[in-house]
Amino acid sequence: YSFYSGGHYFMSMAYLAGWRGPVNEAEDPYPYPDSSPAGLPVRKHVQQMRIIPGKSSPTGNDLIKQAVMNDGAVYASYYHNNYYWNPAHNSYNFPGSGWGNHAVTLVGWDDDFDKNKFTSVPSGNGAYIVKNSWGADWGENGYYYISYYDSRFGYETMCAFHSADTPDNYAAVYSYDPLGWVANLGIGN
């Protein structure tokens, strides 16, 4: 992928499992022109990552909530279209179809978030609290609410980075596949 083509959790898992990051955001701010600077110090060694299956219904949030409680934050993707953004309440609800086109960090939830605070009013209350990558000037200091009833959020596989140690815990990481799972081939069954 080019620098502005996005990515997915497989890429971030490979990056972190290979101990090539994370780095301090202040040293590699988003958006950084064209590429990240070389030679930034790695701040942690990620030791465990969890894959969280997507939910099957708007209220099927138990695994997602448990992952946030256990791991502190969860990578999730959804379909973003500014038409469904409500700046008055820093809220978002997409009722349509389509593949995810944006990733965020899920950090919490509010089961009582009023459904009437969304531009496209869902059939029930409740919202995830997410942190966006677009900076503190967007949303509520970079955070906002996504409805439990959003048609894309939480339905795709998510991941959490559970355990990270100081970068001096081991001398090296040994791997035969430094890029992780980047492609697959198959013929169906």
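Begin by selecting strand β2 together with strand β5 (residues 102-110), two antiparallel strands joined by 5 bridges, where strands pair if DSSP finds at least two bridges between them and are themselves DSSP runs of E with at least two residues, numbered from the N terminus. At one point of this pairing, Y78 stands opposite H102 in β5. The model is a predicted one, in which local features need pLDDT of at least 70 and side-chain atom pairs count only at pLDDT 80 or more, while totals for chains, interfaces and linings use all residues. Residues are numbered from 1 along each chain as its sequence is written, and side-chain values use heavy atoms, without hydrogens or water.

Next select helix α1, residues 9-17, whose Y9, M13, A14 and L16 are buried; a helix is a DSSP run of H or I with at least four residues. After α1 comes W19, which has a positive phi near 60 degrees.

Finally, select A17, G18, S175, D177 and P178, which lie nearest the centre of the second largest pocket among its 12 lining residues, a pocket being an open set of points on a 1 Å grid over the protein atoms alone where a 1.4 Å probe fits, with protein on both sides within 12 Å along at least five of seven lines, and lining residues having an atom within 4 Å of a point.

Key
Buried < 20%, exposed > 50% of the residue type's maximum accessible area, 1.4 Å probe, protein only.
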